[in-house]
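Here are a few notes from going through the model, jotted down point by point. Have the structure open while you read.

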Amino acid sequence: GQMKTTRASSWMNMGQDKFNIYQLPGSDFGHSLYFLSSAKWEKYVVGMKATVATAFSPFAAYAVNLHRKGGILDLWGTSNIMLRICETPSGNVQIGAKMADANTIWAYVHHGSWYVYGSISSPGWGGEWTLQP
């Protein structure tokens with residue numbers, strides 16, 4: 001399903017709000033690529049997909065089951081789960097996926113929503129994420 005955020009304390013989420021970052025071998029034009037994996041459900045990673053005109057934004061962040069990735073109905077290939085993580089001037093990070101047409105779709109939360117969407121342009125403060133060790 002589509003990823004969303006919460007203000008609830010971490011203990012109330014029973015670990016489902018925690019993620020692990022795994023650097024993948026190689027690079028994409030000098031940019032490192034990563035998997036952002038659920039700490040609770042290790043088979044799932046974050047990926048960007050089209051919302052097919054069902055939402056405010058044309059793209060959104062979804063949980064993707066790695067064991068089903070690459071199936072006959074998966075037209076996106078692997079680029080939507082291989083993420084770029086870039087530090088912002090404020091010390092936070094932006095998280096995005098380079099899609100097949102070379103655009104990077106950046107994850108963000110827009111005002112009035114808990115859901116994580118994707119933007120081709122810089123999403124501003126709604127697209128800045130804080131990492132915690």
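1. Which strands each supply at least two residues of the lining of the largest pocket? Keep in mind that this is a predicted model. The strands are E1 (19-23), E2 (34-38), E3 (44-50), E4 (59-65) and E6 (93-98), each with at least two residues in that lining.

2. Now the pocket itself. The largest pocket comes out at a volume of about 1600 Å³. Its lining takes in 44 residues, and the closest to the pocket's centre are Lys4, Thr5, Asp17, Phe19 and Trp129. If you want to click your way in, those five are the place to start.

3. What is the lining made of? By residue type, the lining of the largest pocket splits into 22 nonpolar, 17 polar and five charged residues.

4. Next, have a look at Phe29, in the loop between E1 and E2. Its phi is positive, about 50°, even though Phe29 is not a glycine. Most residues other than glycine have a negative phi. Is the residue buried or exposed? Phe29 counts as exposed because its relative accessible area is 74%, and the cut-off for exposed is over 50%.

5. Last one: Ser113, which is found in the loop between strand E7 (104-108) and strand E8 (117-119). With a relative accessible area of 17%, Ser113 is buried, since buried means under 20%. What does its side chain reach? The Ser113 side chain gets to the backbone nitrogen of Tyr115, at 3.0 Å.

Conventions. Residues are numbered from 1 along each chain as its sequence is written. This is a predicted model: local features need pLDDT of at least 70, side-chain atom pairs count only at pLDDT 80 or more; totals for chains, interfaces and linings use all residues. Side-chain values use heavy atoms; hydrogens and water are left out. Helices (H or I, at least four residues) and strands (E, at least two) are DSSP runs, numbered from the N terminus. Buried means under 20% relative accessible area, exposed over 50%, partly exposed in between (1.4 Å probe, protein chains only). A polar contact is a pair of N or O atoms within 3.5 Å; within protein, one must be able to donate a hydrogen and the other to accept it, and residues adjacent in sequence count only if both atoms are side-chain atoms. On a 1 Å grid over the protein atoms alone, a cavity is a set of points where a 1.4 Å probe fits but cannot get out, and a pocket is an open set with protein on both sides within 12 Å along at least five of seven lines; lining residues have an atom within 4 Å of a point. Grid points are joined across faces, edges and corners, and a volume is the space filled by probe spheres set on the points. Ala, Val, Leu, Ile, Met, Phe, Trp, Tyr, Cys and Pro count as nonpolar, Asp, Glu, Lys and Arg as charged, and the others, Gly among them, as polar.
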